[in-house]
Every structure is written in structure tokens, then in C-alpha cells.
Amino acid sequence: MSKQILILPGDGIGPEIVAEAVKVLEQANQQFGLGVELSYDELGGGAYDKYGVPLADETLERARQADAILLGAVGGPKWDTIDPALRPERGLLKIRSQLGLFGNLRPALLYPQLAAASSLKPEIVAGLDILIVRELTGGIYFGSPRENRVLENGERQAYDTLPYSESEIRRIAKVGFDMARVRSKKLCSVDKANVLASSQLWRTVVEEVAKDYPDVELSHMYVDNAAMQLVRAPKQFDVIVTDNMFGDILSDEASMLTGSIGMLPSASLDARNKGMYEPCHGSAPDIAGKGIANPLATILSVSMMLRYTFNQGAAADAIEQAVSVVLDQGLRTGDIWSEGCQKVGTRE
Ligand code: ATP
Ligand code: MG
């Protein structure tokens with residue numbers, strides 16, 4: 001049976017980088033006989049322009065039918081002033097939650113060719129290879145009630161809610177342990193259990209799940225310490241599992257250890273490893289349309305798709321290898337360029 005991939009190029013640099021990633025996907029399709037079929041639709045600002053909403057019902061239905069989704073990026077200044085409920089980013093949150101894509105994998109891998117671009121000293125980051133597993137459909141980004149209000153005394157007040165249920169924690173913990181099992185068998189769970197009730201449950205449930213993974217060494221760390229350890233000695237980590245907000249912050253922090261956000265792919269998976277794959281970076285409106293964006297994060301997202309949704313490890317390895325060869329050749333887009341390298345554009 002053929003594998004259906006829905007391509008959502010999105011806004012800004014999205015269409016430019018996705019076009020290059022699709023070439024790689026088609027090449028892998030031929031070379032490895034993957035049997036993939038591609039179809040296209042809109043998400044984000046382009047969808048708002050075309051359908052009047054950032055995620056049309058028919059697009060969501062197509063996404064449900066597909067085995068995997070490749071997304072560029074959404075958003076841009078053009079849509080900054082529209083009704084907040086119709087902003088491009090709302091389309092992204094909706095597709096993630098509607099498809100139940102709770103498991104967000106964000107590798108932070110330092111290509112040795114790019115060591116000079118890291119914000120840390122070479123001896124601290126050489127060989128860095130971390131995987132952050134972030135819970136993506138729960139926690140404070142989705143919890144209710146949330147409110148902005150004016151108190152009786154006239155003072156303004158706002159609050160959010162950070163709920164996690166046992167089942168939400170258990171399923172993301174399992175993703176963390178499964179990933180650790182096929183890597184170096186070390187999992188660090190990051191929380192704030194000394195302060196937050198949700199984190200206390202998080203820690204308890206992670207401990208329970210650990211009983212099914214006696215071969216994986218589990219540790220716990222408070223998020224403030226984890227933020228510090230990531231810049232002090234990042235190589236102590238292999239797989240980190242954490243909640244939605246902590247994962248958002250720590251994965252951006254980790255991205256700077258690897259040089260450029262233009263290199264970092266991501267996967268968002270449901271319980272059956274159906275997934276949406278996208279670069280970690282945004283739509284980069286400042287460089288959109290110029291043909292200079294780095295397409296490697298999106299190309300590496302295709303590699304993750306082949307590995308996690310389609311179980312095509314050899315094809316995924318081949319793409320990662322090809323990225324490494326291009327870097328060996330000294331070819332660099334502006335974001336990763338350094339002295340002595342050749343500056344090239346997105347298509348090159
Ligand atoms: P979002 O809210 O969508 O995440 P953002 O404003 O936080 O957007 P990005 O769109 O990721 O951030 O851009 C941040 C900076 O990184 C910009 O200067 C952008 O040009 C640059 N950048 C992002 N992606 C790439 C890329 N693929 N190649 C080169 N530069 C990039
Ligand atoms: Mg951003």
C-alpha cells in the first residue's frame with residue numbers, strides 16, 4: 001500500500017525550504033522504493049488567505065488521512081493584525097492537538113563541521129547528541145481556566161493552569177524510555193517537583209513507567225538546574241523527557257549549542273507514530289523570498305519522518321549522511337557560514 005504524505009509548505013521561507021526537502025524525499029523514494037505519494041495543502045497565513053481560517057476542516061481531514069505530514073513554517077507580519085483567534089499559529093496548535101501529536105522529538109546534534117558556530121567552547125560541545133522529548137498537547141499551553149481579569153480593587157490579574165493527567169504523563173514517559181532504549185539507555189526526566197503539584201505527579205508516574213524499563217537508567221532533575229547544566233556540561237544528557245513549557249524553553253536553549261536553528265529538525269508523533277515533521281525554526285519573514293534560507297532542518301525532518309513513521313532507517317541514514325557530506329564540502333547558507341567556507345543559497 002502506498003504511503004500518503006501531506007505537504008504543508010506554509011508561510012515565509014516555508015515554501016522555499018520545503019521545495020528542497022521534497023526533492024530529497026523524491027530521490028529517497030526512488031532510491032529506496034519507499035512508495036510514497038505526495039499531496040499539497042495550506043496551513044497558517046496562506047490558509048487564512050485562501051480559506052479564511054488558518055486550518056480548514058478539509059485540510060484537517062486530509063491530515064487525518066495522511067500517514068505523515070511535512071510542514072514548513074507558519075506566520076508572518078502580514079497576519080499580525082488579524083483576529084487573534086485566526087492567527088496562523090492557531091492553525092498549528094489546532095492541527096497538533098486535533099491529531100493527538102503529543103510526543104515532540106527535538107534532537108540537538110552538533111555536526112562536527114559546525115563546531116565553530118556553537119555558542120559554547122568546542123571542548124564542551126564536541127560530539128553533542130541530545131534528544132529532547134517534549135510533551136506537546138497538554139500542560140500550561142492548553143490548561144483551563146485561563147483568564148485576564150480586573151479584580152474588585154481595580155488591579156489587573158492574569159492566570160494560567162498547568163494540568164497533567166496520569167495518562168498524559170505515562171504516554172510521554174513511554175516515548176522517552178523507548179527513545180532512551182535505542183540510544184544510550186539514559187533518560188533524564190526534568191520537572192519542578194519541589195514546587196509544582198503537576199511536577200510531583202509527573203515524577204511519580206515516570207517512576208512507575210520506569211519499572212517496565214529496567215535496562216534504562218533514569219534520573220530526575222529540576223528544570224532550573226537542567227537549564228544550567230545544558231550550558232555547563234551538556235554532554236551529560238542523552239534523552240531528556242519533560243513537559244510542554246519546560247521542553248519549549250530547554251529545546252531552544254539546546255539549539256544554540258548546535259550552532260544554528262537552521263539545522264534542527266523536529267517530529268511530533270501520536271500513539272501510533274503517525275507524525276508531523278517540521279524544522280524547529282519559524283517562517284523567518286526577514287529572509288523570506290530571498291532564496292538564502294537554510295533548508296537542512298527541513299531535509300533532516302524528512303529523515304526523521306522516514307525513520308519514525310515509515311521505519312526506513314537506511315533511507316533516513318542516507319539523508320543524514322548526505323547532509324554531512326555537503327557540510328564536508330564546505331557549502332554553507334549564511335546562518336552557518338564561517339571563514340573559508342563557500343556561501344550558497346537554498347537551492348544550491
Ligand atoms: P516563530 O515565532 O515562527 O518561531 P521567530 O521570529 O521566533 O518565528 P524564526 O522565524 O525561527 O523566529 O527566525 C529567527 C531568526 O533565525 C531570524 O533572523 C531568521 O531569519 C533566522 N532563521 C530561521 N530559520 C532560518 C533558516 N532556515 N535559515 C536561515 N536563517 C533562519
Ligand atoms: Mg520562535
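Let's start with Lys185, which counts as partly exposed because it has 14 C-beta neighbours inside 10 Å; the buried label would take 20 or more. Keep in mind that this is a predicted model. You'll find Lys185 in the loop between helix H6 (166–182) and strand E8 (186–191). Its backbone does something worth a look: phi of Lys185 is near 60°, a positive value in a residue other than glycine. Why point that out? Most residues other than glycine have a negative phi.

Ala284 has a positive value too, with phi near 40°. This alanine sits in the loop between strand E12 (275–279) and helix H10 (296–308). Is Ala284 buried or exposed? Count its C-beta neighbours inside 10 Å and you get 24, so Ala284 is buried.

Now for a peptide bond. Most peptide bonds are trans. The one from Ser144 to Pro145, though, is cis, with omega near 5°. To spot Pro145, look in the loop between strand E5 (129–135) and strand E6 (147–150).

Last stop: the annotated residues. An unreviewed UniProt entry puts the feature "binding site" at Asp224, Asp248 and Asp252. Where do you find Asp224? It belongs to helix H8, which covers residues 223–232. Asp224 has 13 C-beta neighbours inside 10 Å, so it's partly exposed. As for Asp252, go to helix H9, residues 244–257. Asp252 has 15 C-beta neighbours inside 10 Å, and therefore it counts as partly exposed.

Terms used:
Residues numbered from 1 in each chain as written. Chains lettered and ligands numbered in written order. Predicted model: local features only at pLDDT ≥ 70, side-chain atom pairs only at ≥ 80, totals over all residues. UniProt positions renumbered as here; feature names shortened; annotations may be inferred. Helix = DSSP H or I, 4+ residues; strand = E, 2+ residues; numbered from the N terminus. Buried ≥ 20, exposed ≤ 12 C-beta atoms within 10 Å, placed from the backbone.
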